[in-house]
Amino acid sequence: CTFGSKGGIDHAFTYGYWMNCLQRNEVERALLGFYGTLAYGMSRGTWAGVECTNMVTGSNASTLPHLRSGTQQLRLLRNMLVREDGDRLVLAQAAPQHWLADGKQVDVLDAPTHFGNVSYTIDSHADQGRIAVTLDPPERRPPKAIVLYLRHPEGAKIQSVSVDGKPAEPSGNGTVTLEGPVRPARVEVGYR
């Protein structure tokens, strides 16, 4: 979103676009927005949110700090990892694939949602062909379904799923859908 005639860019006004990208499952576009906000939407020395950055010079001191811009970055990150979609809860939809490289872990702890707090931990054992998730779902008003995205770091397709040791079906598109109400669970996804 350009600002003024001197090459300014204001990333915070694109939040609605990012959310539309997530709703359409255009994850790569949402990730481009996320990393773009880090590149253009933060100061170089203090990493504070700014309103407007000059695309050519990188200067942004005149709009530093800017609460709304920093808030939009955090809202996007939150929705990449935890997002309500009607009566469904969507988890890890836009977690960057390199975050799920072998040996890495993604933790979301007590994230507030419309349904209540949710926690999950993703443990990648991608080199062994599996990724495990420990899920503590919301209890206040359980969602009808929890959709868990597990995009393999090298793009491998899900071959098998188990929930608490019992076989389950993948939902397609790198997802596992748990129909609610959901109790705390351990989800194992195999890629071989």
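Predicted model: local features only at pLDDT ≥ 70, side-chain atom pairs only at ≥ 80, totals over all residues.

Trainee: Okay, what is the chain built from?

Mentor: The chain has three helices and 13 strands. Its C-alpha trace spans about 60 × 35 × 30 Å along the principal axes, and buried residues make up 46% of its 192 residues.

Trainee: Why is T175 called buried?

Mentor: Buried means under 20% relative accessible area. T175 has 6% relative accessibility, so T175 counts as buried.

Trainee: And where is T175, and what does T175 touch?

Mentor: T175 is in strand β12. Leaving out residues up to four places away in sequence, T175 touches V147, L148, Y149, I158 and P170.

Trainee: Which residues of α3 are buried, and what do they pack against?

Mentor: S69, G70, Q72, Q73, L76, N79, M80 and L81 are the buried ones. They pack against α1, α2, β4, β5, β6 and β7.

Trainee: How do you describe the way α2 and α3 meet?

Mentor: Two packed helices are described by the angle between their axes and the distance between the axes. The axes of α2 and α3 come within 10 Å and cross at roughly 145°, and the crossing is left-handed. A30, L31, G33, F34, T37 and L38 of α2 make the contact with Q73, L76, L77 and M80 of α3.

Trainee: What makes up that contact by class?

Mentor: Seven residues are nonpolar, three are polar and none is charged.

Trainee: What makes a group of residues a nonpolar core?

Mentor: They have to be buried nonpolar residues joined through side-chain atoms within 4.5 Å. The largest such core here has 30 residues, and V82, L91, Y120, I122, L135, L150 and V187 have the most contacts inside it. Several strands each supply at least two residues of this core, including β5, β7 and β13.

Trainee: Which residues does L135 touch?

Mentor: Among them are L91, V118, Y120, I146 and L178, not counting residues up to four places away in sequence. A second, separate core of twelve residues includes Y15, W18, M19 and F34.

How values were computed:
Residues numbered from 1 in each chain as written. Heavy atoms only, no water. Axes fitted to C-alpha atoms, helices over the stretch in contact; angles between N-to-C directions. Helix = DSSP H or I, 4+ residues; strand = E, 2+ residues; numbered from the N terminus. Left-handed = near helix turned anticlockwise from the far one by under 90°. Contact = heavy atoms within 4.5 Å. Nonpolar A, V, L, I, M, F, W, Y, C, P; charged D, E, K, R; others polar. Buried < 20%, exposed > 50% of the residue type's maximum accessible area, 1.4 Å probe, protein only.
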